[in-house]
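Me: Please go through the terms applied to this model and show, for each, how the value compares with its definition.

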Amino acid sequence: MFLMMLRAPRPRRQDDMKAVAKPRWIRKGYDGLTLFGTIITHTPQEAEVFNTHFGPLKNHEMIHLYQARATHNSWLLFYLRYGWYWLMACRYRKHLKNAGYKLNPFEMEAYAHMHDLHYLDDKPEGTYAWKKYAQMPLSQRLLHYTK
């Protein structure tokens with residue numbers, strides 16, 4: 001994984017992300033994982049779908065690429081922030097399963113716009129809707145799931 005981080009191009013130098021199958025790197029229940037500009041999947045068949053079809057799942061992962069562009073064009077800063085938001089949200093795990101993931105502003109933006117396949121068309125410098133979610137108190141973010 002360290003080599004993957006060192007070899008990864010800056011987010012603005014990527015127009016697409018290649019998917020690869022690494023079943024031990026991804027938890028059950030998740031379809032894909034963006035890791036330093038590569039989409040990790042469970043099987044080669046799933047990777048092939050990501051590589052040949054631009055659907056909602058690929059769009060979700062591409063939103064993470066654009067979020068990394070918005071965090072000073074750095075995968076490292078993106079993951080540091082992602083981890084911070086995840087840790088802060090974990091205190092709500094009694095109220096919401098996978099709270100660290102679901103209440104993460106990066107994931108909230110990606111899920112909110114994953115079905116809009118043109119969401120990224122006019123955002124070459126990155127997406128910033130995650131900042132709106134980051135400014136919300138965690139209790140208010142939780143309301144998105146308890147309505």
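**Terms and their grounds**

Reply: At 4% relative accessibility, Lys58 counts as buried, because buried means under 20% relative accessible area, exposed over 50%, and partly exposed in between (1.4 Å probe, protein chains only). The model is predicted: local features need pLDDT of at least 70, side-chain atom pairs count only at pLDDT 80 or more, and totals for chains, interfaces and linings use all residues. Residues are numbered from 1 along each chain as its sequence is written, and side-chain values use heavy atoms, with hydrogens and water left out.

Me: What makes the contact of Asp16 and Lys58 a salt bridge?

Reply: A salt bridge is a side-chain nitrogen of Lys or Arg within 4 Å of a carboxyl oxygen of Asp or Glu. The side chains of Asp16 and Lys58 meet at 2.9 Å, N to O, and are therefore a salt bridge. Asp16 lies in the loop between H1 and S1 and Lys58 in helix H3, so the pair ties together parts 42 residues apart in sequence. Asp16 has 45% relative accessibility and so counts as partly exposed.

Me: How do you know that the span of helix H3 agrees with its number of residues?

Reply: Helices (H or I, at least four residues) and strands (E, at least two) are DSSP runs, numbered from the N terminus. The expected span of a helix is 1.5 Å times one less than its number of residues. For the 15 residues of H3 (residues 56-70) this gives 21 Å, and the end C-alpha atoms are 21 Å apart, so the two agree. H3 is mostly covered, with 13 of its 15 residues buried.

Me: Why is the pair of Phe106 and Trp130 called tilted?

Reply: Rings of Phe, Tyr and Trp (its six-membered ring) pair if their centres lie within 6.5 Å; planes under 30 degrees apart count as stacked, over 60 as edge-to-face and the rest as tilted. The centres of Phe106 and Trp130 are 4.7 Å apart and the planes stand at 40°, so the pair is tilted. Phe106 lies in helix H6 (residues 105-113) and Trp130 in helix H7 (residues 129-135), 24 residues apart. Phe106 is buried, with a relative accessible area of 0%, and Trp130 is buried at 1%.

Me: What makes Thr38 buried, and which residues are in contact with Thr38?

Reply: Thr38 has a relative accessible area of 18%, so it is buried under the cut-off of 20%. Contact means heavy atoms within 4.5 Å. Leaving aside neighbours within four places in sequence, Thr38 is in contact with Met4, Met17, Lys18, Val20 and Leu33. Thr38 itself lies in strand S3 (residues 38-41).
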